[in-house]
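Subject: Structure handover

Hello,

Here is the structure I promised. Please open it alongside this note, and my findings follow below.

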Amino acid sequence: MRFITAILGAALALSGGCNGVNILMGNDDGFGSGNLRQLYEMLTNAGHNVYIVAPALPQSGQGGRVDFTTEANLTGPAQYNLVPAGAPSVGPDPVDSHIWYYNGTPAACIFVGLDYVLPNFADFKVPDLVLTGPNYGTNLGPFVWTLSGTAGAAYAATARSIPAIALSGSNKAVAYFDVNSTADDAFRVAAVSFKIVESIIKSAPSANAILPLGYGVNVNIPPLFDNYTTVPIIQTRMTGGAEVDEAIPGKTPGTFTWANLSPRALGVNRCLNGDCSLPGETDVVAQGKISLSLYTVDYTAPATPETKSVMRRFAFFTGGKQGHGGKRGLRSWRA
Ligand SMILES: *[C@@H]1O[C@H](CO)[C@@H](O)[C@H](O)[C@H]1NC(C)=O
Ligand SMILES: *[C@@H]1O[C@H](CO)[C@@H](O)[C@H](O)[C@H]1NC(C)=O
Ligand SMILES: *[C@@H]1O[C@H](CO)[C@@H](O)[C@H](O)[C@H]1NC(C)=O
């Protein structure tokens, strides 16, 4: 497998004038993920200096939750028995010193990467870029954004002032050692991700300014076929066509299960930020195209007339003044 990506990587490295950048990769599917390691190999072979710090076991659906284990050692074997039970809770992969596992959530892995693995074991401390994924399964729309461990690891990095790209594919889970050929989904998802990441790096003014402070990118990839190199990449917004869950009563009273709300919810689809003429990422991926949305970690409502009108109503709490009320505002609240 390694030789195939080596050839692809070398070809792409020659085709552009890109200098290698320092990259930290993470995910929520675990450090043995085929998607993760395929992309890692392509980036490494293209001349980038890449480290992985990813969960010891799958950690999907954790969002941005930061959970550090209190156990010094693994209480069971790591994913695919790559590391035995009883091994330290953080450590390198037995066959690649650039690949690390940590027994924590996706966002916790990013922090352990930034604050422990890179400073102590890499030749750089602060990465130029953080990549999360490619995930098994898409992460589309504002609703899933807060639930996805792939997203959570990305916005954890963005919050730490490091540009991040969250990548999600539509393929099924596969162990890295079961990816056998360039016809495998994991290879295709990684190849598409690689092309996008390389393009973003190459378009940057410099390695330490890959994205503006507080910005990140969310990429979603539809199911891929033999024509995967020709699938269009479309600039999108997160809102638009997005789903949200609803509670469906289960057979036993008091139990529920979830379903995607149909017709889709207005609240999560109202365009409040960004360019509202862009198509929604959910619709674009449903059409078999790749979506590329910019995100920021500033969730404050934009300064629209509606926001200003609501803030004027809330000025009651700040003693009639819009903006900081200080002690006076606190007193009015208590009164
Ligand atoms: C964890 O494992 C190390 C060996 O890797 C061992 O020395 C240590 O005692 C273990 N700690 C606990 C709490 O089990
Ligand atoms: C790769 O080959 C192994 C061994 O033959 C097999 O178990 C696995 O399913 C194959 N992987 C894929 C993605 O087909
Ligand atoms: C690629 O192939 C699939 C399956 O045959 C097809 O549905 C799709 O439209 C094709 N996409 C492009 C961009 O040619």
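Why is strand S4 (residues 96-102) largely enclosed by the rest of the structure? Because 5 of its 7 residues are buried. Keep in mind that this is a predicted model.

**Strand S4 and its partners**

Strand S4 pairs with strand S2 (residues 49-55) through 4 bridges, and the two run parallel. In that pairing, Val 53 has Trp 100 of S4 as its bridge partner. Strand S4 also pairs with strand S3 (residues 90-93), here in the antiparallel sense, again over 4 bridges. Pro 92 stands opposite Trp 100 in S4. S3 and S4 make a hairpin, with 2 residues between them.

**The sheet as a whole**

These strands belong to an open sheet of 9 strands with mixed pairing. The order is S3-S4-S2-S1-S5-S6-S7-S11-S8. S3 and strand S8 (233-236) stand at the edges. Each has a single partner strand, so one side of each is left without a neighbour in the sheet. From one strand to the next, the twist averages 25°.

Next to look at is the link between S1 and S2. Strand S1 (residues 22-26) is joined to S2 by 4 bridges, and the two run parallel. Ile 23 stands opposite Val 50 in S2.

Helix H5 (residues 149-159) lies across strand S5 (129-136), strand S6 (164-169), strand S7 (215-220) and strand S11 (290-296). Helix H5 runs at about 170° to S6.

**Asn 49**

Is Asn 49 buried or exposed? Asn 49 is found in strand S2. Its relative accessibility is 18%, and the cut-off for buried is under 20%, so Asn 49 counts as buried. Leaving out residues up to four places away in sequence, Asn 49 touches Val 21, Asn 22, Ile 23, His 98, Asp 123 and Phe 124.

**Ligand 3**

Which residues are around ligand 3? They are Phe 225, Asn 227 and Thr 230. A polar side-chain atom of Asn 227 lies 2.4 Å from an oxygen atom of the ligand. On its own, ligand 3 has 360 Å² of accessible area, and the protein covers 37% of that.

When you go through the model, I would begin with Trp 100, which is the bridge partner of Val 53 and stands opposite Pro 92.

Best wishes

Note on methods
Residues numbered from 1 in each chain as written. Chains lettered and ligands numbered in written order. Predicted model: local features only at pLDDT ≥ 70, side-chain atom pairs only at ≥ 80, totals over all residues. Heavy atoms only, no water. Buried < 20%, exposed > 50% of the residue type's maximum accessible area, 1.4 Å probe, protein only. Pairing = 2+ DSSP bridges. Near = heavy atom within 4 Å. Polar contact = N/O pair within 3.5 Å; in protein donor to acceptor, adjacent residues only side chain to side chain. Areas by Shrake-Rupley, 256 points an atom, 1.4 Å probe, with all protein chains shown as cover. Contact = heavy atoms within 4.5 Å. Axes fitted to C-alpha atoms, helices over the stretch in contact; angles between N-to-C directions.
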